[in-house]
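This briefing covers packing in one protein chain. Look at the structure first, then read the points below.

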Amino acid sequence: MDKAGILMIISGPSGSGKGTVVNELLKDEQFALSISATTRNPRPGEIDGKHYFFKTKDEFKNLIEENMLLEWACFCDNYYGTPLKYVTDRLEEGRNVVLEIEVQGALQVKEKYPEAVLVFLIPPTLDELRKRLTNRATETAEVIEKRIERAGEEIELIDRYDYVVINERIDEAKRDILKIVCAEKMNVKRNENIKKLFKGESL
């Protein structure tokens, strides 16, 4: 069996519970969180190499030019991206790397790294999504409706994903993702050297 880890991209609308599910997965040592690079200044308590890889704009642009990022984007005059080497190093260690990212970034990663597994996380119903956003009590009704509208746009791209997980209960969503990892580990495409076993060769 292939001992390399799997790059797992988890996307979903705001309010789908992505962050909570990812935090649950990270309690399992087989998972590692992808650490992003950014040009924004560190916030109090943030540590370089733990929360982010903090870069100057020149350093970040150099990463782009040398094709060393799985994906990147610019928000509010700051760059954010996923360093390729950090991800591949964890995968070679046998860790499953989790990247929580929006849809466009996920598709960008899939194009550059086709072996990535894309999982779309959604609540059981639209009403439940609205309820979760409302219960957070952090946004106005207008912002919530914009997030609902955005969710509809994201779901239109769901057929570009490999799996969909309905997050009704956190423990069940985590269990479903673990099943996906297990199935992917047994995927024939990830075990092309399996024939060597029947030729007396070691994998």
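Isoleucine 9 is in contact (heavy atoms within 4.5 Å) with Leu99, Ile101, Ala106, Val109, Ala116, Val117, Leu118 and Val119, leaving aside its neighbours within four places in sequence. This is a predicted model, in which local features need pLDDT of at least 70 and side-chain atom pairs count only at pLDDT 80 or more, while totals for chains, interfaces and linings use all residues. Residues are numbered from 1 along each chain as its sequence is written, and side-chain values use heavy atoms, with hydrogens and water left out.

**Nonpolar cores**

- A nonpolar core is a set of buried Ala, Val, Leu, Ile, Met, Phe, Trp, Tyr and Cys residues joined through side-chain atoms within 4.5 Å.
- Buried means under 20% relative accessible area, exposed over 50%, and partly exposed in between (1.4 Å probe, protein chains only).
- The largest core has 18 residues, of which Leu7, Ile9, Val109, Ala116, Leu118 and Tyr161 touch the most other members.
- Two or more residues each come from strand 1 (7–11), helix 3 (84–92), strand 7 (96–100), helix 4 (103–112) and strand 8 (117–122).
- Helices (H or I, at least four residues) and strands (E, at least two) are DSSP runs, numbered from the N terminus.
- Helix 4 gives the largest share of this core, four residues.
- Another core, of 16 residues, lies apart from it and includes Ile6, Ile10, Val119 and Ile177.

**Aromatic pairs**

- Rings of Phe, Tyr and Trp (its six-membered ring) pair if their centres lie within 6.5 Å; planes under 30 degrees apart count as stacked, over 60 as edge-to-face and the rest as tilted.
- By this rule there are six aromatic pairs.
- The rings of tyrosine 52 and phenylalanine 54 have centres 5.9 Å apart and planes at 50°, so this pair is tilted.
- Phenylalanine 54 is buried, with a relative accessible area of 16%.
- The rings of phenylalanine 53 and tyrosine 86 have centres 5.5 Å apart and planes at 65°, so this pair is edge-to-face.
- Phenylalanine 53 lies in strand 4 (residues 53–54) and tyrosine 86 in helix 3, so their pair ties together parts 33 residues apart in sequence.
- Tyr52, Phe54 and Tyr80 are linked into a cluster by ring pairs.

**Glutamate 154**

- Glutamate 154 is found in helix 6.
- Its relative accessibility is 7%, so glutamate 154 counts as buried.
- Not counting residues up to four places away in sequence, glutamate 154 touches Gly12, Pro13, Val103 and Phe120.
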